[in-house]
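User: Hello! I am new to this structure and would like to learn how to read a few of its features. Could you guide me?

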Amino acid sequence: MKKLILFAFASTVLISSCSKEEAMNLEGFTAINAANIPQAVQSTIQQSFPTAKVAYSVIQPNALYVADVTTATAETQIVLTSKGAIKEAFSKIDSTALPASVLTYLATNFPGYDLLHASQKTTGTPTGYRVELKYKTEFYSVLFDDKGAYVSQTTGMPGGPKGGKEKGSHGPAVTNLALTDLPVAVQTALTDYTFQRATAKIDSQGITIYHVHVEKSGVSYELTIDASGKVISSKEIPTKPVITKTDLSALPAAITSYLNTNAVGWTLKNAVSIAADNVTIHYHVLVSVAGAVQTYMFDKDFNLVQNARKGPKDNPSLPNFTVAEITQAQIPAAAITYLNTNYAGWTFNKAQSVTADATVKEIEVYISLAGKNYKVEFDGNGVFLGAKLK
């Protein structure tokens, strides 16, 4: 019975196949890097793919293993336990098979990216998509859930039998992990955080690295941790800042000193400070000198900003950005239609609008579905911009 189940799985995988142009002529089972792979793992793969070329790797010693499987018609990456049970499987797909929401996210966040490999998770929970890409000089592995919402990303040289640098090659070995799946040392490093989700990835040197999404004091972080529990990097996941504009009746001394030297005889007409989340980021000053109006822009340290482009020299009347909470009834109809279509059964949590001079620029809708929380973003007309798993 077990053998029949394995062959049924193999048949399912083959449905997600490469094009005929990419097909390979393979003769017999071939395996590489099998030295430290349990026999149970090798038996499962060989029974399911008797004519495949397989490259093995280790994600967690004595626990999780990866088989990059290439047949004449498909490429599949399979994660197995030490006993040979299949935990997850990613089947290669063409970029045209990616959800529109994934393509929208990639085009927005990686303009002009070079796609190396795309795959769909067909076995395991949660299902979803992976995209390996090169953007500028960096390599990225980006994960999305089954709705096409952004989950997480990692950077660095991809793994895979061809190094991941060639189009069509397998992506880096990676798997989703629960908190209890993590090594004890990694769990200990997370003691002060609230765990949300994690992935384990084999880097280009064959070392297992853990990418963990956590929260602490209401702030979200992405941590990169090695197997010893050492935190390699910690990145705060920023939320959209609240932009405020404050009229100034008195100028900071450093700005006054600059004007006394460079705009002798100046008279203040108008001045504002622009802040993000209550932290001043720059100043705009309009003065009159001998009847002529002059405009200046200074950074947070009161240094003059040269060639400010869309600053006060080009547009003395600054937009007034505000972020306000809105009700479900105030969400544009087009956005509601998108949610009903792509997140059927969603539950409303909250929503907010971002405006500039009373014109709505963006709508952010926070929803829940099947135990998961999402932030779905739309423009002011309700056109979908992107979605993230929270």
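Analyst: Happy to. Strands are DSSP runs of at least two residues, numbered from the N terminus. In this predicted model, K201 is found in strand β11, which covers residues 194-202.

User: Is K201 buried or exposed, and which side chain of opposite charge is nearest?

Analyst: Buried means under 20% relative accessible area, and K201 is buried. A salt bridge needs a side-chain nitrogen of Lys or Arg within 4 Å of a carboxyl oxygen of Asp or Glu. K201 has none, as the nearest side chain of opposite charge, E132, is 6.0 Å away.

User: What does the side chain of K201 make a polar contact with?

Analyst: Its partner is the side chain of T154, at 3.1 Å.

User: Now the surface. Which residues gather in a patch of positive charge?

Analyst: Patch members have over 30% relative accessible area and no salt bridge. Here the patch holds K235, K350, K388 and K390. Take K388, in strand β23 (residues 384-389): its relative accessible area is 34%, so it counts as partly exposed.

User: And the backbone? Which phi value does A290 have?

Analyst: Phi of A290 is near 55°, a positive value in a residue other than glycine. A290 lies in the loop between β17 (279-289) and β18 (292-299), and it is exposed, with a relative accessible area of 81%.

User: Where is A370 placed?

Analyst: Look in the loop between β21 (359-369) and β22 (372-379). A370 is not a glycine, yet has a positive phi of about 50°. Because its relative accessibility is 75%, A370 counts as exposed.

Technical notes. Residues are numbered from 1 along each chain as its sequence is written. This is a predicted model: local features need pLDDT of at least 70, side-chain atom pairs count only at pLDDT 80 or more; totals for chains, interfaces and linings use all residues. Side-chain values use heavy atoms; hydrogens and water are left out. Patches are made of residues with over 30% relative accessible area and no salt bridge: like charges are joined within 9 Å, nonpolar side chains (Val, Leu, Ile, Met, Phe, Trp, Tyr) within 5 Å. Accessible areas come from the Shrake-Rupley method with a 1.4 Å probe; for residues, only the protein chains shown count as cover. Lys and Arg count as positive and Asp and Glu as negative; His and the chain ends are not counted. The place of a charge is taken as NZ of Lys, CZ of Arg, CG of Asp or CD of Glu. Helices (H or I, at least four residues) and strands (E, at least two) are DSSP runs, numbered from the N terminus. Buried means under 20% relative accessible area, exposed over 50%, partly exposed in between (1.4 Å probe, protein chains only). A polar contact is a pair of N or O atoms within 3.5 Å; within protein, one must be able to donate a hydrogen and the other to accept it, and residues adjacent in sequence count only if both atoms are side-chain atoms.
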